[in-house]
Amino acid sequence: MRPLLLTLALLTTAAAQSAPTITVTDENGVAVSSARVFLQSSPLPAVRCQTDFTGRCQFPALPAGQYQLRIEKEGFYALVEPGVQITQSSTIEVSISHQQEVREIVDVHESPPAIDPAQVAAQETISGLDVVNIVFPVTHDYRNALNFIPGVVQDQAGQPHVAGAQTYQTVTLLDGFNVTQPANGLLLIRVSTDAFRSIQIEPSREPAEAGKGSGGLLSLNTGIGDDHFRFSATDFIPSLQNKHGWRFDQFLPRFTFSGPIEKGKVWFYNAFDGEYDNLIYTELPVNADNDYVLRSGNLTKVQTNLTSRNILTTSFLVNHLHNQYAFLSPQSPQLSNPKDVESAYVASAKDQHYFAGGQLLETGFAFDQYNVQLTPYGSLPYSVNPNTTDGSFYLADQTHARRWQALSNLFLPSHQWHGRHDFKVGVDLDRISYDAEFARQPISFLTAAQISLPAGETCLNAAQDATFPCTRYSTFAAAPLHQQNNAEVSAYAEDRWLLTDRLLIAPGIRLDWDEIVRHAVISPRLAGTYVLDSSGNTKLSAGIGLVYDATPVYLIARPFAGTRQDTFYSTPDPTCTANCITTTGPVTTTFTANTSTLQVPRFLNWSLGLEKKLPAAIYLKAEFLERRGTRGFVYDTLNNTSIGNFILQNTRDDRYDAFQLTLRHNFRETYMLMGSYTRSSARSNQALDFNVDNPILSAQQPGPYPWDTPNRFLSWGYLPFFKLPMIHQLELAYSMEARTGFPFSEFTDQQQLIGKPGAHRFPDYFSLNLQLEKRFHLFGYYLALRGGLDNITGRCNPYVVNNTIDPISHPLPTFSACQSRAFTSRIRLLGRK
């Protein structure tokens, strides 16, 4: 793979036309693309250029002379050099530094925001400082910050959904490598929130390089050290809570340390985050109302500049989780839940080689593994009634998912032909392995009037008289260890064609193949931008493309997860004394996947965008996005019944429409104010997900996805507040979310679906979080102390619903587990003064 691209690089080397060239790198020697370069010689107007993939920018036909050089890019400090001598053969290399939370030099200024004419993809970005400054509940989990990016919705399980897509339909990259869980596509990897340089989403118009995901791209970009030693610490003091008396709350320490191993050549970065949580549900009895969660994670990175043209970056991330009572809730007491132990490992190495002819060859290798083990407490019979559960959890499982990834990207030098062309080609090879083992015990489903069965009893041995408590009894066949493998091959080519200073067209094409479906698919993409005015303050964007989803391995492996047998019991007549129960069954539910008949799920995505700079440096962005999916994977019976043999088919059609409006204003320094509104709809013609652990009884039906939110308002900001005597400047940080409640379904006590899927909704959600922060010096250290209220209005925002309906005892759904008003605080050690 690398020799092929290297040969291509050498074949494309040609002597460039003699012209002044500016090369822009960061403080570690890495090329900075899309930096704005300005040259001005008074009284002539400034000429400008934007750097390419290799950080280069050329100025053809520029008269020799002395110029002021200015370089800007968001996330970096602006660079101004007042007297730079330029000739026709000048080659000038300059370095700009990433923006830091604590400045080491007073006379530096952040690069102002600007509309990027070369940014074709619909993109939303929050910087590492935004991640630190945004107020959001549970600040040690960056996935909660994703919820405050327009276009991203976080579901009840904490998983993000970009552009209405399922989580596995969005490709998540950590520093350029795919880190979605290889089997089910969930976002499980944890990184310290203090470690990010930026987080970006691209829900549409994404380049051909970013294939395999109809839900776009999520990029997590972390930092690296430089020639200065830096350290920080966050939330290194435990907290208390007053729930059923004063008790331990949580301890959430985070530490970062970075600096040079060899100045100017080798740097390291280490970010540790830990968590010890005592989660308490006051609806449960005292002394049986809490769940202990212990989690730790550590990211280590090393960058080595082997030469000035060859950069090697290695990283290793480890996660560990121990959850004492997973799934604990007011409806599921302690011992009815399993112990959950999880771990994850991600190792990667990336080499970047810059050729003298202007090519950049990037080669990388990565390995990631996810392990999960669920262990019940004991072996008591497990039962479920409309209000609670009883006994020992029915499922024990152990799963491992692994991915080996190799990628190579070649950036070719700019080529002039009816404008400037920036070509890029690449390949991506993945090997995925998933093994799973499941053991299940029977489940007894009880009537609303029956809290639990007598000790040791199940529906099989309960007395079948007028007091018979059961409505359904489920047993499971053994599911021994099974391994499912897949190999994926991808290749792409794309071009950024700058026809004029205002018009940019970005065509691309992609090829994907995997060994499960075994159909090679080609997905063309076309997008472009047009700047309406010479000042660059108004930009139109548009794009359309075919996108094919990666094959979700967990769906292919579902037939090996076991089968279920259900016996149904009629509700007895209270006056009956003998032969009171009518029994139906047992009936068997199985799953089948014939991969030879499957096709690759396909989406046609198109979007339109408008960006405009308004007065007072307010930036407006309007986006319309449409996703149309066909041939989606779904399990259904051949005759669309609720029980039987469910076959994996290509019959699901998805539909997502969204209009999004965003306003953003940057103040001086790092202050920011953002507000957005999204009107959207995420629906499917087959909305139910049947599996052996899902007891739903229903034929496949259309409906909304569980994260569908037709109306959603977001706003957050970090602002100067006011000054007090002896306190000096205070900062105000806030966040607000108001949206339509998530949809849910109603069921009978036999788990028969009532009505349509998602026909009911949680109450409308509203949360306003407000905090004040003060930065100060103490004992030679720089600290920041923050305190305030989450959900300051005290509105009940429930995230648990009892949706089992009984006409007499429980005619309406009931909500619980409200996110009430809570005081939160944070202390950070930012380094030495």
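Y325 counts as buried in this predicted model, because its relative accessibility is 12%, under the 20% limit. Its ring partner is Y377. At 25% relative accessibility, Y377 counts as partly exposed.

The structure holds 27 aromatic pairs. In the pair of Y325 and Y377, the ring centres lie 5.4 Å apart and the planes meet at 40°, so the pair is tilted. Y325 sits in the loop between β21 (310-323) and β22 (339-354). Y377 sits in the loop between β23 (360-375) and β24 (382-384). The contact therefore ties together parts that are 52 residues apart in sequence.

Y705 and W707 form an aromatic pair that is stacked. Their centres are 4.9 Å apart, with 10° between the planes. Both Y705 and W707 are buried. Elsewhere, ring pairs join F327, Y382, F393, Y394 and F476 into a cluster.

Charged side chains also meet an aromatic face. K424 lies over the face of F53, at 5.9 Å from the ring centre. R496 lies over the face of F53 as well, at 4.7 Å from the ring centre.

On the surface, a nonpolar patch is formed by Y530, L532, L540 and L610. Together these residues have about 320 Å² of accessible area. L532 counts as partly exposed because its relative accessibility is 40%, which falls between the limits of 20% and 50%.

Definitions and conventions
Residues numbered from 1 in each chain as written. Predicted model: local features only at pLDDT ≥ 70, side-chain atom pairs only at ≥ 80, totals over all residues. Heavy atoms only, no water. Patch = residues over 30% accessible without salt bridge, like charges linked within 9 Å, V, L, I, M, F, W, Y side chains within 5 Å. Areas by Shrake-Rupley, 256 points an atom, 1.4 Å probe, with all protein chains shown as cover. Salt bridge = Lys/Arg side-chain N within 4 Å of Asp/Glu carboxyl O. Buried < 20%, exposed > 50% of the residue type's maximum accessible area, 1.4 Å probe, protein only. Phe/Tyr/Trp six-rings, centres within 6.5 Å; stacked < 30°, edge-to-face > 60°. Helix = DSSP H or I, 4+ residues; strand = E, 2+ residues; numbered from the N terminus. Lys NZ or Arg CZ within 6 Å of the ring centre and 35° of its normal.
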